[in-house]
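Here is a walk through one protein model, written for someone just getting started. Keep the picture open while you read, and look for each part as it comes up.

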Amino acid sequence: MITINTNKGLIKTEAWEDIESRPGFVKDLNPKDKKLDSIIGRYIFKEKIRCGLSNCHTQHTKGYVVATKDGYETNIGKDCGRTYFGVDFETLSRKFDRDVTEVENREKLWSFNFQIEEIEKRIHDIRSSKNGADWVQKYTRPLISRNKGCPDEVVGRLLNMVKTRTNLLTTQRLATNQEIEDIKAIENRKIEGPHYIEETVAEISGVEALYLENDLRELLVIELGNKINELKENDIDQMSFEELRRWAKWIGTVENTIDNSVSIVEQGKRLLNTSNLEPFLKIIDLKKDENLFKKFLQSIN
């Protein structure tokens, strides 16, 4: 791939012939009587290209297209540039790379800018559709927030399941005498006092929707919605190099954030299925808490 930086923007081509056919391009440039003026392009190929300096001609896969003060052009590798043009080449190559990065990032932002309306619609549909992100967010928060409509016993269990990254709802019961004897025989150890056995009550689907990194408000409202609004308020053409780099990096995450949000919504739907959450009734001790959780389950429907 060859990238040429022109006054009209970046020109990209795959054909080396497009470089050799440029006016002023020479394959044998003598660096002794030429003064480097600018770097106008860079290239990277799988096959090797011969250096255009008459006293070098080293084969290389990556290099630059340079222009001299008197209007000639040729191609040189990075090592050749350092050797024959020294500090001038180092300075110009860094400037060229920075300029190309700036142009590419500005083009990315303008391209994204034309897609904003479509992206905002996608976000709106994900949030507002039946049992969409807003619905999932509304009914999953009480499951991990105390005093928000779910018994503390349920909230505590779910917070622990989130912490340990497990979807197994378990309970403990006192081991029988026979079970204690069996454990002693198998593990060859002495057991003193009461011994408890942990049993699985149910496998709860969609617990991943409660993970901290899967907060749909954080993803869709703050990370996408607020950032899009901020970008719309900025003048892309006036952005600095650092601003362009920061926004270009963010743009690269947008599709993944949207896809991830869609997946989290599906996890949330599985979690908020009444039959999926009913097993928590088996671990609730107090009647008032049982009634409170039944009320929450009814509110989901």
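Contact here means heavy atoms within 4.5 Å. With that in hand, take Asn-105: leaving aside its neighbours within four places in sequence, Asn-105 is in contact with Leu-244, Arg-245 and Ala-248. Bear in mind that this is a predicted model.

So where does Asn-105 sit? You'll find Asn-105 in helix H2. Is Asn-105 buried or exposed? Its relative accessibility is 7%, and buried means under 20%, so Asn-105 counts as buried. Asn-105 and Ile-236 are 131 residues apart along the chain, yet their C-alpha atoms are separated by 9.9 Å.

Now for the sheet. Strands of a sheet pair through backbone hydrogen bonds, either parallel or antiparallel. In this model, 5 strands form an open sheet, in the order E2-E1-E3-E4-E5, with antiparallel pairing. Strands E2 and E5 stand at the edges with a single partner strand each, so one side of each has no neighbour in the sheet. From one strand to the next, the twist averages 25 degrees. Helix H2 (residues 78–113) packs on this sheet, touching E1, E2, E3, E4 and E5. The direction of H2 makes about 90 degrees with that of E3.

| Pair | Bridges | Residues standing opposite |
|---|---|---|
| E1 and E2, antiparallel | 5 bridges | Ile-4 and Ile-11 |

Last, a pair of helices. Two packed helices are described by the angle between their axes and the distance between the axes. What are those values for H7 and H8? Helix H7 (residues 216–232) and helix H8 (residues 241–271) pack at an angle of about 145 degrees, and their axes are 10 Å apart. The crossing of H7 past H8 is left-handed.

Which residues meet there? On the H7 side they include Leu-216, Leu-220, Glu-223 and Leu-224. On the H8 side, Trp-247, Trp-250, Val-254 and Ile-258 are among them. Sorted by class, the contact of H7 with H8 has 12 nonpolar, 4 polar and 4 charged residues.

Methods
Residues numbered from 1 in each chain as written. Predicted model: local features only at pLDDT ≥ 70, side-chain atom pairs only at ≥ 80, totals over all residues. Heavy atoms only, no water. Axes fitted to C-alpha atoms, helices over the stretch in contact; angles between N-to-C directions. Helix = DSSP H or I, 4+ residues; strand = E, 2+ residues; numbered from the N terminus. Left-handed = near helix turned anticlockwise from the far one by under 90°. Nonpolar A, V, L, I, M, F, W, Y, C, P; charged D, E, K, R; others polar. Pairing = 2+ DSSP bridges. Buried < 20%, exposed > 50% of the residue type's maximum accessible area, 1.4 Å probe, protein only.
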